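Hi everyone, thanks for coming. Please have a look at the picture on the screen, and then we'll walk through it together.

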Amino acid sequence: MQSEFRLPALGADMEAGTLVEWHVAPGDRCKRGDVVAVVETDKGAIDVEVFVDGIVRELLVPPGTRVPVGTVLALLDTEAPAPAPEMVQAPPRTRAGEDAGEAIQQRVKISPAARKRAQELHVDVVSLRGTGPEGAITVQDVERAGPSPQPSPASVGEGAAGMRAAIAAAMSRSKREIPHYYLTTTVDVSSAVDWLAAHNAAVPVTERLLLAALLLKAVALACRDHAGFSGFHRNGRYEESPVVHVGVAVALRGGGLVAPAIMDTATKPLAALMDEFRDVVARARAGRLRASELAAPTIILTSLGDSAVETVLPIIQPPQVAIVGAGAVAERPWIVAGRIVPRQALTLSLGADHRVTDGRLGAHFLARIAGLLAEPAKL
Amino acid sequence: MNREQLPRRVLELVTAIAPDVEADSVIPGIAFRDQFDFDSMDTLNFAIALQREFGVDVPETDYARLASLDQCVAYLAERLA
C-alpha cells in the first residue's frame, strides 16, 4: 500500500516550510516516529517524523524547496516484505535521560551563521569537516563546500522576522476568536522552594530540578482532575485530550518563542520530566525540535520566573483553550495564624476560553495547581 | 590546566550551552544574564558542565558566584586551588 508523507502544520498559522535535508533515500526502511526530514520553518529547523512504518519509494521534493503545508514530500510503501532483522534497526535518537550537554554534543558543531549559510547554499553540514574551535563548522567551511555563493530565495520568509510574524498571526487569531478570561492568584510556595533546595543539595548536579519542572507536573495533574483546560477547540466544538501534553514556552535568545510539549506530562516522575524539559529547551534553542513536539501541546505553561515579573496574563495558543502563567518567586509578607511572616510567594495565572469554561471552574483549576505545589514531595 | 587557559575554557562551556552566543561578544565583567538572558536552565546546564569539565561540584547556593565570566573564573580558581 502506498502512503503519502506530507508537510505537517506545526502551528495554527504555519503556511509553508523549506525542506532543508532528507535523512532517508529511496529504498530506506523507516519506522513510525523516525525523523526523515528537516524542515526550516518560522519556528526554526524542525525534525519531521513519519507516522507509518514503511519503505521510502520516492522523494518528491528536493532540498532547498519551499512548499506549502500539506504538500506531499515523499511516497512510502507501507506493506512490504519483512526485511532482515538488522535492517529494522532505527537510528539512535535523542531520548529522555540524556542531558542537554550530551544532546548538544551529538549535533554537528556549527555556528548559527554557518548553519544559515549552509541552508542558503544547500550544503549538507553533516558531511563537512569543521576548521573552527573544536572542529566547529564555520561560514568559510560551508562556502568552500557550496556550489556557488548565491543566496537562495528559499530562505526568504524564515528566521527571526518570520517567527515574529507567525507569533503575531497566532496571537491575533487567538484574540479575535477566543473569548478569553483571566484569573490570577498569589500563593505561598515556600514548601516547594524549601523542598527543591533540600532535594538539589542532596543529589548530584545532573539530578537537580527547577521549579518549572514542579509547575509542569502540577499543571498536568490538575488537568487530569479538571476537564475543560487540556484539549482543542476545533470546528466549533471542544474536545478534551485523553492525554495531557503540557507545552513549555521557551524564549529564544535572538527573540521569539516556541512551546514544545513534554509528552504525557502527568504520568512522568519528576526526574524524567526534568530530563525531557532540559533536552527540549536545549533543542528549542539549537533549532532542532521535532514536528510532533510542536503540534502536541494540549495546554501551555509560560513561566517568567527568571525575570522580575510578578504576573503574566497569558494568551491562549489556538486551537488550545487554556494557558497557565507563572511569575517570579519573591519573598513577601504573609499572614500566618494572625502574624506577619516572610514567605516565598508566586503569582499563578490562567488565561482560559469562555467557549469551554467559566471563571469558577478556572478558579478550581488554579486552586488545584496551588494545592499540588503545596505538597511537592507527592508530585 | 593553567590559569591562562581557564577563561577560554569557561567561555567554550558557556557557548556550548548557548550556541546562539558568539564567544567574541561576551564581556567578561558583565553578568551572563544581562548580556544574553542566561536563565535558570542555562545556569543548571553550566553547573553540570563545570562538574564534567573541572570536577567542581557547584552547590546551588554558589550559583550567584557564576554570574559573569570574571566571577566564574575567580570562583573556579579558588575551588581548584
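Let me start with a question: which residue forms a salt bridge with B:D39? Take a moment to search. It is A:R285, and the closest N and O atoms of the two residues are 2.8 Å apart. Keep in mind that this is a predicted model.

The one that gives the most is α7(A), with five residues. Sorted by type, the chain A residues that touch chain B are eleven nonpolar, two polar and eight charged. We also count nine residue pairs in polar contact between the chains.

Now, how much area is buried here? Chain A and chain B bury about 2,100 Å² between them, with 51% of it on carbon and sulfur atoms. Three residues stand out: A:R208, A:R253 and A:D306 supply 34% of the area that chain A buries against chain B, more than any other three residues. In total, the contact takes 21 residues from chain A and 27 residues from chain B.

Finally, let's turn to the rings. Over all chains, the structure holds seven aromatic pairs. One of them joins B:F36 and B:F38 edge-to-face, 5.8 Å centre to centre and with 80 degrees between the planes. Are these two buried or exposed? Both B:F36 and B:F38 are buried. They also belong to a cluster in which ring pairs link B:F32, B:F36, B:F38 and B:F46.

Methods:
Residues numbered from 1 in each chain as written. Chains lettered and ligands numbered in written order. Predicted model: local features only at pLDDT ≥ 70, side-chain atom pairs only at ≥ 80, totals over all residues. Heavy atoms only, no water. Contact = heavy atoms within 4.5 Å. Buried area = accessible area lost by both parts, 1.4 Å probe. Salt bridge = Lys/Arg side-chain N within 4 Å of Asp/Glu carboxyl O. Polar contact = N/O pair within 3.5 Å; in protein donor to acceptor, adjacent residues only side chain to side chain. Helix = DSSP H or I, 4+ residues; strand = E, 2+ residues; numbered from the N terminus. Nonpolar A, V, L, I, M, F, W, Y, C, P; charged D, E, K, R; others polar. Phe/Tyr/Trp six-rings, centres within 6.5 Å; stacked < 30°, edge-to-face > 60°. Buried < 20%, exposed > 50% of the residue type's maximum accessible area, 1.4 Å probe, protein only.
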